[in-house]
Amino acid sequence: MVDLTTGVIRAGGPPCVAPWCRVRGDKSGGVYRATVGAIASHWLIDLTGLRSSVAGVAGVDAAPRTAGRFFAAGAAPTVRAAMDELMGSIWGGVWYEGALGVATVGRLPLVGGAVKAAYRERVNCDPIMPDSYSQDAAAKRIEWRYARNYNPAASPSQAATSEQVLRAITEWLVEPHDNGAVAAAWGNAARTVTVDSLLYNSADAAAEAALAAADLAYPWRVWRAPVWGGAAGVDIGDEILVYSDQPGFENGGRLIVIGRSLSNRAGRAILIGITR
């Protein structure tokens, strides 16, 4: 049996169910790390030995979201995989390691900011092309899953309340966000988007679901821009202006960069951008 006061497990006595507990996370240096930005900083600096500080943590934690990740004994996750989960827990979350060992975390901005570079087809850019990641329909419903139970109980304690039983047997809690205007306009073509997150609180999950719903109320278009000059100084999260014969770009269309290649020997680089 389990002594809930001391945590000591003793052989013999009546059978017991698996004990539950809530933990507050790592406390290296006397500080609990419980928000997305703080956890990202800890993982990237303390666990990887990056030579420089992580940029963007303050921006991520300007709207702090409580998160946590359970790793079973013997698990060997990579920091990269864990970071993908963590930054995927906030809408528009992004991270990458740049030059000189500086890792950047943040949220992708909406269009309308400062333009980092401008490109015109056949002047300093080859024709832009739609990417396969483009979405053809808006989202009528967002389901933001949070507070994952990594080991749902098959037989909860008979002494548990109905709420405790539901939590014990359920893998995820879900915060839905419905967009009635999209559902009416798009009908059966509208999408339902489900996001698995490391978030813990319902309020945080609801806030992220609302951000996603607003952003996905219109179809995303993803474009590949083969630019000349190696796209020097252009990085993920930057905004570029592109002039093209493609509809919407005749007078200049703005893209948020979500990916890029290195410059090849011909001085060409591929920028992948979205029309957020």
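**Exercise 1. Determine which elements cover the buried residues of helix 1.**

Step 1. The model is predicted, so local features need pLDDT of at least 70 and side-chain atom pairs count only at pLDDT 80 or more, whereas totals for chains, interfaces and linings use all residues. Residues are numbered from 1 along each chain as its sequence is written, and side-chain values use heavy atoms, with hydrogens and water left out.

Step 2. Helices (H or I, at least four residues) and strands (E, at least two) are DSSP runs, numbered from the N terminus. Helix 1 covers residues 36-46.

Step 3. A residue is buried under 20% relative accessible area, exposed over 50% and partly exposed in between (1.4 Å probe, protein chains only). In helix 1, the buried residues are Val 36, Gly 37, Ile 39, Ala 40, His 42, Trp 43 and Leu 44.

**Exercise 2. Describe the second largest pocket by its volume, its lining and its residue classes.**

Step 1. On a 1 Å grid over the protein atoms alone, a pocket is an open set of points where a 1.4 Å probe fits, with protein on both sides within 12 Å along at least five of seven lines; lining residues have an atom within 4 Å of a point. The volume is the space filled by probe spheres set on the points, which are joined across faces, edges and corners.

Step 2. The second largest pocket holds about 640 Å³ of space. Its lining comprises 25 residues, with Gly 92, Gly 93, Leu 108, Trp 220 and Ile 258 lying nearest the centre.

Step 3. Two or more lining residues come from each of helix 3, strand 1, strand 7 (191-196), strand 10 and strand 11. Strand 1 gives the most, with three residues.

Step 4. Ala, Val, Leu, Ile, Met, Phe, Trp, Tyr, Cys and Pro count as nonpolar, Asp, Glu, Lys and Arg as charged, and the others, Gly among them, as polar. By these classes the lining has 16 nonpolar, five polar and four charged residues.

**Exercise 3. State how many aromatic pairs the structure holds, and examine two of them.**

Step 1. Rings of Phe, Tyr and Trp (its six-membered ring) pair if their centres lie within 6.5 Å; planes under 30 degrees apart count as stacked, over 60 as edge-to-face and the rest as tilted. The structure holds five aromatic pairs.

Step 2. The ring centres of Phe 70 and Tyr 150 are 5.6 Å apart and their planes lie at 50°, so this pair is tilted. Phe 70 is in the loop between helix 2 and helix 3, and Tyr 150 is in the loop between strand 5 (139-146) and helix 4 (162-169), so the pair ties together parts that are 80 residues apart in sequence. Phe 70 is partly exposed at 48% relative accessibility, as is Tyr 150 at 29%.

Step 3. Trp 91 and Trp 220 also form a tilted pair, 6.0 Å centre to centre with 45° between the planes. Trp 91 lies in the loop between helix 3 and strand 1, and Trp 220 in the loop between helix 6 (202-215) and strand 8 (222-228), 129 residues apart. Both Trp 91 and Trp 220 are buried.

Step 4. Trp 91, Trp 144 and Trp 220 form one aromatic cluster.

Terms used. Contact means heavy atoms within 4.5 Å.
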